[in-house]
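The sequence and structure come first.

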Amino acid sequence: MIRVNGEEMEWRPGLTVKDILEAKRFVFPMIGVWINDKPVPRDKFETTTVNDGDEVQVIHMISGG
């Protein structure tokens, strides 16, 4: 199991950040992802795998003025 924004999610080998975003239906244009408090570059979402037991934070960035 992994935790995504504090909620448990089933883990499987090869699970990527992109897979998580799709499973959780996170489609925000500006999004930040951290695995175990380490940021994941946006261009690495498709290739960055998540390990069993990891803590993933997904944050929707909002700009304002």
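## Charged pairs

Asp19 has a relative accessible area of 23% and is therefore partly exposed, a class that lies between buried (under 20% relative accessible area) and exposed (over 50%), computed with a 1.4 Å probe and protein chains only. The model is predicted, so local features need pLDDT of at least 70 and side-chain atom pairs count only at pLDDT 80 or more, while totals for chains, interfaces and linings use all residues. Residues are numbered from 1 along each chain as its sequence is written, and side-chain values use heavy atoms, with hydrogens and water left out.

Side chains of opposite charge can pair when their charged atoms come close. A salt bridge here is a side-chain nitrogen of Lys or Arg within 4 Å of a carboxyl oxygen of Asp or Glu. The structure holds four salt bridges, including those in the table.

| Pair | Closest N and O atoms |
|---|---|
| Arg12 and Asp19 | 3.2 Å |
| Lys18 and Glu22 | 3.8 Å |
| Glu8 and Arg3 | 3.9 Å |

Arg12, the partner of Asp19, is partly exposed at 43% relative accessible area. Lys18 and Glu22 are four residues apart in helix α1 (residues 17–23), which means that about one helical turn separates them. Helices (H or I, at least four residues) and strands (E, at least two) are DSSP runs, numbered from the N terminus. Lys18 is partly exposed, at 33% relative accessibility. In the pair of Glu8 and Arg3, Glu8 is exposed at 53% relative accessibility, whereas Arg3 is partly exposed at 33%.

Asp54 is found in the loop between β4 (38–40) and β5. Asp54 is buried and has no salt bridge; Lys38, the nearest side chain of opposite charge, is 9.7 Å away. For this count, Lys and Arg are positive and Asp and Glu negative, with His and the chain ends not counted. What does the side chain of Asp54 reach? The side chain comes to 2.8 Å from the backbone nitrogen of Asn51. Leaving aside residues up to four places away in sequence, Asp54 touches Ile2, Arg3, Ile35 and Asn36, where contact means heavy atoms within 4.5 Å.

Ile2 lies in strand β1 and is buried, with a relative accessible area of 0%. Among the residues that Ile2 touches, beyond those up to four places away in sequence, are Trp11, Leu15, Ile20, Val50 and Asp54. The C-alpha atoms of Ile2 and Val50 are separated by 8.3 Å, although the two residues are 48 residues apart along the chain.

## Backbone and surface

Most residues other than glycine have a negative phi, and most peptide bonds are trans. Asn5 is not a glycine, yet has a positive phi of about 50°. Asn5 is found in the loop between β1 (2–4) and β2 (7–9) and is partly exposed at 33% relative accessible area. Asp37, also not a glycine, has a positive phi of about 70°. Asp37 lies in the loop between β3 (31–35) and β4 and is exposed, with a relative accessible area of 73%.

Met30, Ile59 and Met61 form a nonpolar surface patch with about 250 Å² of accessible area together. Patches are made of residues with over 30% relative accessible area and no salt bridge, like charges being joined within 9 Å and nonpolar side chains (Val, Leu, Ile, Met, Phe, Trp, Tyr) within 5 Å. Accessible areas come from the Shrake-Rupley method with a 1.4 Å probe; for residues, only the protein chains shown count as cover. Ile59 is found in strand β5 (residues 55–60) and counts as partly exposed at 37% relative accessibility.

Conventions:
Polar contact = N/O pair within 3.5 Å; in protein donor to acceptor, adjacent residues only side chain to side chain.
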